[in-house]
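Here are my notes on this one, written as numbered points. Have the model open while you read.

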Amino acid sequence: MTARAVVTGIGVVAPSGIGAAAHWQTVRERTRRTGPITLFDPAGYPTRLAGEVTGFEATGYAESRQLVQTDRWTHLAFAATRLALADADLPERSPDPYGYAVTLASSSGGNLFGQRELQRLWGGSSRTVGAYQSIAWFYAASVGQLSIHHQFKGPCGVLVSEAAGGLDSLAHAVRSVRRGTPVVIAGGTECPLSPYALACQLAGGLLSDVEDPERAYRPFDAAASGYLPAEGGAVFVVEELAHALARGARIYGELTGWGATHDAVHTGPETAGSPTQYARAMRLALDRAGTSAEEVDVVLPDALGVPRYDRTEATALRAVFGSRRPPVSTPKPLTGRAHQGGAALDVATALLALRHDTLPASAGPNEVAPGCELDFLREHRRPRSRVAMVCARGFDGYNSALVLRGAAPVREDEDE
């Protein structure tokens, strides 16, 4: 029989909070966590708001030498991974190193570290960079550092498809489980908040320049003006079902199907990808899950907050689900868009929603934009089939969808 992959641990380090419980509380209460950028002075930029992980102390999650050698993006990954392992009741050092693997998503790499070193190169008296510049900025730095620190020596890798990578990493984790690796660390974190990183995002013309955090990021809304960047994300313990059952692990849910497609065209200033290929990714995920569209309880969309992208996404969803439109919920306006970390965070939201038997009300839109007519959840609702779909798109044509089925819900009196 084909091995089945389940999630037994969730580690969240995001603007919504540190830990899965804090994140879930933010989502349930619809508390907005975006605000002024503090990691650097953004005074000269049209976008000065973002989602930051407040109260994060990297020293609590990594050794001092690791902090010197790595970027904040990797510090967030250290923390999320330790939280996920603890949540899964697994040791930080595996007794079977080759039975554990790390497969994370990445996109922009170690921005803050790289910016600092390049400024030292071109503006400092030494005209040099530090010894760790190449390995800290490198897009695979987090995977390498985690596999070394935790001694996870199974088949490791990194997925690079911008926001879609947060889902692609979990799909790859399922494939690794089916090929014989019983435990895979998957998901992703991001920290795109440095002067250089913000300038790169501004060049794409998709960031919001609205100064009010309550109005700046409004996906599918008539007042949509672009997205706000964010740091953080989520990391998961993906485990082979029999392995999880043998050790009595708590199971959040099963990763049952996935789909990934590409538009095969460059995403220009006036384009927004192909609804046809995006819809195809959703159908592939449903087919591989052996699930019909009618069974899906909730969809967590990419929710970019750029009108033409939002219309394309709504068109794709209507093409897949037809007249029976599933409830749609997005917490992204609460946190900002953390690229691949944001897609992973949506998976955490979906798993926690099914565990708590509560589909969370969407954080908007207030006034649905023309062409974006979907069944947005206006209040909390209980799921029927315990099936969720998470969708994500990466810039320049990446489309991904993930279907998961929740385990039995937690009792109100059960200790988390």
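1. Let's start with a term: a salt bridge here is a side-chain nitrogen of Lys or Arg within 4 Å of a carboxyl oxygen of Asp or Glu. By that rule the count is 20 salt bridges. Bear in mind that this is a predicted model, where local features need pLDDT of at least 70, side-chain atom pairs count only at pLDDT 80 or more, and totals for chains, interfaces and linings use all residues. Residues are numbered from 1 along each chain as its sequence is written, and side-chain values use heavy atoms, with hydrogens and water left out.

2. Take Asp357 and Arg386 to begin with: they form a salt bridge whose closest N and O atoms are 3.1 Å apart. The two partners sit 29 residues apart, Asp357 in the loop between helix H13 (340-355) and E12, Arg386 in the loop between E12 and E13. Helices (H or I, at least four residues) and strands (E, at least two) are DSSP runs, numbered from the N terminus. Is Asp357 buried or exposed? It is buried, at 13% relative accessible area, and Arg386 counts as buried too, at 15%. For these words, buried means under 20% relative accessible area, exposed over 50%, and partly exposed in between (1.4 Å probe, protein chains only).

3. Glu295 and Arg405 make another salt bridge, with 3.5 Å between the closest N and O atoms. Glu295 is in the loop between helix H10 (275-289) and strand E10 (298-300) and Arg405 is in strand E14, so this pair ties together parts 110 residues apart in sequence. Glu295 is partly exposed at 26%, and Arg405 is partly exposed at 31%.

4. Asp212 and Arg215 also meet in a salt bridge (3.4 Å, N to O). Asp212 is partly exposed at 29% relative accessibility, as is Arg215 at 43%.

5. On to the rings. Two rings (Phe, Tyr, or the six-membered ring of Trp) pair if their centres lie within 6.5 Å; planes under 30 degrees apart are stacked, over 60 edge-to-face, and the rest tilted. The structure has seven aromatic pairs. In one of them, the rings of Phe40 and Tyr45 have centres 6.0 Å apart and planes at 85 degrees, so the pair is edge-to-face. Phe40 is buried, at 12%.

6. Phe220 and Phe376 make a tilted pair, 5.4 Å centre to centre with 50 degrees between the planes. Phe220 lies in the loop between helix H8 (195-203) and strand E8 (232-240) and Phe376 in strand E12 (residues 375-376), so the pair ties together parts 156 residues apart in sequence. Phe220 is buried at 0%, and Phe376 counts as buried at 5%.

7. Also check the charges over rings (NZ of Lys or CZ of Arg within 6 Å of the ring centre and within 35 degrees of the ring normal). The charged end of Arg116 sits over the ring of Phe113, 4.4 Å from its centre. Likewise, the charged end of Arg337 sits over the ring of Tyr227, at 5.6 Å from the centre.

8. Finally, look at Ser400 in strand E14 (residues 398-406). Ser400 is buried, at 1%, and its side chain is joined to that of Asp168 by a polar contact of 2.6 Å. A polar contact is a pair of N or O atoms within 3.5 Å; within protein, one must be able to donate a hydrogen and the other to accept it, and residues adjacent in sequence count only if both atoms are side-chain atoms.
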